[in-house]
Amino acid sequence: MLDMYDFEGDIWLCHSFRGQCYNFTAFQPAINTLREVEAFLRENPTEIVTIIIEDYVHTPKGLINLFTNAGLDKYWFPVSKMPKKGEDWPTVTEMVQENNRLVVFTSIASKEAEEGIAYQWKYLLENEAGDPGVKPGSCPSRKESKPLNSKSASLILMNYFPTYPVETEACKEHSTPLAQMVGTCYKAAGNVVPNFLAVNFYMRSDGGGVFDAVDRMNGQTCGCSTVTACQAGAPFGSCKNVTLPNVSPVTNTAGSTSPLSNTGGSFTGSVQFSKSASTIQSSNSFVLFLFLSISSSIFIILWIQ
């Protein structure tokens, strides 16, 4: 999740306001970070990266030229392959085989036709960021997004961080409240697990924290309470015995068990990870990305199962 601006004759990463980057809000030229992404993809040939750009770049062809100059065009997942009406995405295995391992979205609609960069609100659903996104029992859609239960898009980003981040508060935010909110947003999305999870101070927790939450969410792809219990090639629901972090079971407002509970089960009703109602049998059919932010600086860790 990167904010990009025109600044000093170049494109910079900048966390700013009113569409203008300033010296005191600028971080560094965006190509520095994109070259790190290129190095990561080159050194890790089975990994996939998604970049979601809050776009304030007005230079014609500025973004696509930036990605090309960073050497990322060879990994580009083309817009022409993206599901337009909420259909299934390719599996991780298929994306790796085709080397389409970089998925990029922009917040400016016109750039899809002009530069071949996907317009995020056509493909991505999202709940409110900031304080509205951490209100217990509520998971409202962001105003730019279609409703979370819309079937016209097949990716869901769950924001979970307060408007004003406080590092010491993140410990409790990433324990039971995070588990509860995953369950709440799961219900709000029509019993679909989020693909993306955005948090602040990702290493702060009172227990398993964000990493445990991601493991449990990924575990649903094979019918297990955590991804570490999944067994390659085994039937859905065939799980290894593993020791889970001590997280108390929680319930959402509808009374169903949260996907992060220790009870082994999971959601009320059938689990659906895409438009298709069929049961997921392979752990490579679902991609869960964890976007991690520290205050105004955003870092990305990818978990692909």
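Predicted model: local features only at pLDDT ≥ 70, side-chain atom pairs only at ≥ 80, totals over all residues.
View 1. The partner of Cys185 is Cys139, and their sulfur atoms are 2.1 Å apart. Looking along the S-S bond, you get 95°, which makes the link of Cys139 and Cys185 right-handed. Cys139 lies in the loop between strand S7 (124-126) and strand S8 (155-160), while Cys185 belongs to helix H7 (residues 176-188), so the bond ties together parts that are 46 residues apart in sequence. Cys139 is buried too, at a relative accessible area of 11%.

**View 2. Leu148, in the loop that runs between S7 and S8.** Here we stay in the loop between S7 and S8, which is where Leu148 is found. With a relative accessible area of 4%, Leu148 is buried. So who does Leu148 touch, leaving out residues up to four places away in sequence? The contacts are Leu125, Glu126, Asn127, Cys139, Ser141, Ile156, Ala188 and Ala189.

**View 3. Cys14 and Cys21, joined by a disulfide.** The S to S distance for Cys14 and Cys21 comes out at 2.3 Å. Is this link right-handed or left-handed, given 100° about the S-S bond? The link of Cys14 and Cys21 is right-handed. Both ends are tucked away from the surface in the accessibility sense: Cys14 is buried, and so is Cys21.

**View 4. Cys222 and Cys230, a left-handed link.** The torsion about the S-S bond is -75° for Cys222 and Cys230, and that link is left-handed. Their sulfur atoms are 1.8 Å apart. Cys222 counts as buried at 9% relative accessibility, and Cys230 is buried as well, with a relative accessible area of 13%.

View 5. How many disulfides does a search of the whole structure find? The search turns up four. If you number the bonded cysteines of the protein chain in sequence order, the pairing reads 1-2, 3-4, 5-7, 6-8. Cys171 also gets a place in this view: its relative accessible area is 15%, so Cys171 is buried.

Methods
Residues numbered from 1 in each chain as written. Heavy atoms only, no water. Disulfide = S-S within 2.5 Å. Buried < 20%, exposed > 50% of the residue type's maximum accessible area, 1.4 Å probe, protein only. Helix = DSSP H or I, 4+ residues; strand = E, 2+ residues; numbered from the N terminus. Contact = heavy atoms within 4.5 Å.
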